[in-house]
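Open the model in your viewer and keep the sequence panel beside it. This tour tells you what to select next and what is there.

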Amino acid sequence: MTPLFRNPAFYQLLADSHARLLGRPLVPATIPENDATEWLYESAPFAVLAHNTDPDPLFIYANKAAQRRFGYGWDEITRVPSRLSAEAPNREERQQFLARVQRLGYETGYKGVRITKSGQRFMIEEATLWQLLDTDGRLHGQAVVIPRTRDI
């Protein structure tokens with residue numbers, strides 16, 4: 001089975017739902033379309049993560065920038081419940097954020113404290129979270145772009 005980071009259909013779901021909801025592309029227009037899946041995973045200068053719709057959602061996608069920041073490899077991060085990206089005291093705030101996105105379709109400008117695999121805390125800034133909706137309106141999860149982080 002092809003991992004999602006190499007799956008053009010999953011990339012299209014990410015990119016198309018982002019463009020539909022936010023009115024702007026996920027990947028710069030300067031990146032050729034046939035290179036976009038690989039560029040987003042390997043070279044994007046921002047973190048991208050996605051989780052599924054399970055009752056306790058699991059990460060299903062994390063590009064290399066996200067893996068470096070959170071301290072997990074692909075095989076590890078895709079087994080982690082997304083709630084564990086925030087410390088217990090910050091999970092309620094994170095859950096409220098996710099609920100707003102579920103109601104509105106997306107939210108931009110989010111910041112919050114997150115935690116790495118090793119327990120290091122860091123702040124995500126100017127994050128954009130959106131619903132992963134296919135063209136039929138079926139929900140596949142949520143995704144986030146994190147353009148900036150800083151240690152705290």
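Which residues is Val48 in contact with, leaving aside its neighbours within four places in sequence? Select Val48 and look around it. The contacts are Leu40, Tyr61, Ala62, Asn63, Ala66, Val144 and Val145. Contact here means heavy atoms within 4.5 Å.

Before moving on, a word on what is on screen. This is a predicted model, in which local features need pLDDT of at least 70 and side-chain atom pairs count only at pLDDT 80 or more, while totals for chains, interfaces and linings use all residues. Residues are numbered from 1 along each chain as its sequence is written, and side-chain values use heavy atoms, with hydrogens and water left out.

**Stop 1: the whole chain**

Zoom out and colour by secondary structure. There are five helices and six strands in the protein. Helices (H or I, at least four residues) and strands (E, at least two) are DSSP runs, numbered from the N terminus. Follow the chain from the N terminus, and the order reads α-α-β-β-α-α-α-β-β-β-β. The radius of gyration is 14 Å, close to the 15 Å that the globule rule gives for 152 residues, so the protein is as compact as a globular protein of that length. That radius is taken over C-alpha atoms, and the globule rule is 2.2 Å times the number of residues to the power 0.38. Along the principal axes, the C-alpha atoms fill a box of roughly 40 × 30 × 30 Å.

Now show the surface. The protein exposes about 8,000 Å², and carbon and sulfur atoms supply 51% of that area. Accessible areas come from the Shrake-Rupley method with a 1.4 Å probe; for residues, only the protein chains shown count as cover. Of the 152 residues, 48% count as buried. Buried means under 20% relative accessible area, exposed over 50%, and partly exposed in between (1.4 Å probe, protein chains only).

**Stop 2**

Go back to Val48. This residue is found in strand E1, residues 47-51. Val48 is buried, with a relative accessible area of 0%.

Step back to Ala44. Ala44 lies in the loop between helix H2 (36-42) and E1. At 4% relative accessible area, Ala44 is buried. Leaving aside neighbours within four places in sequence, Ala44 is in contact with Trp39, Asn63 and Ala65. Asn63 is also among the contacts of Val48.

**Stop 3: into strand E3**

Select Gly105. Gly105 sits in the loop between helix H5 (91-104) and E3. Its relative accessible area is 8%, and Gly105 is buried. Beyond four places in sequence, the contacts of Gly105 are Leu21, Arg100, Leu129, Trp130 and Gln131. Leu22 is 83 residues away in sequence, and 9.1 Å away in space, C-alpha to C-alpha.

Next comes Glu107, in strand E3. Glu107 is buried, at 18% relative accessible area. Show side chains: that of Glu107 makes a polar contact with the side chain of Arg100, at 2.8 Å. A polar contact is a pair of N or O atoms within 3.5 Å; within protein, one must be able to donate a hydrogen and the other to accept it, and residues adjacent in sequence count only if both atoms are side-chain atoms.

Move along to Gly112, also in E3. Gly112 is buried, at 3%. Not counting residues up to four places away in sequence, Gly112 touches Glu93, Phe122, Met123 and Ile124. The C-alpha atoms of Gly112 and Met123 are 5.5 Å apart.

Then pick Arg114, in strand E3, residues 106-115. Buried or exposed, what does Arg114 count as? Arg114 counts as buried, at 5% relative accessibility. The side chains of Arg114 and Tyr110 make a polar contact (3.2 Å).

**Stop 4: strand E4**

Finish at Glu126, in strand E4, residues 121-133. Glu126 counts as partly exposed, at 45% relative accessibility. Check the backbone here: phi of Glu126 is near 60 degrees, a positive value in a residue other than glycine. Most residues other than glycine have a negative phi.
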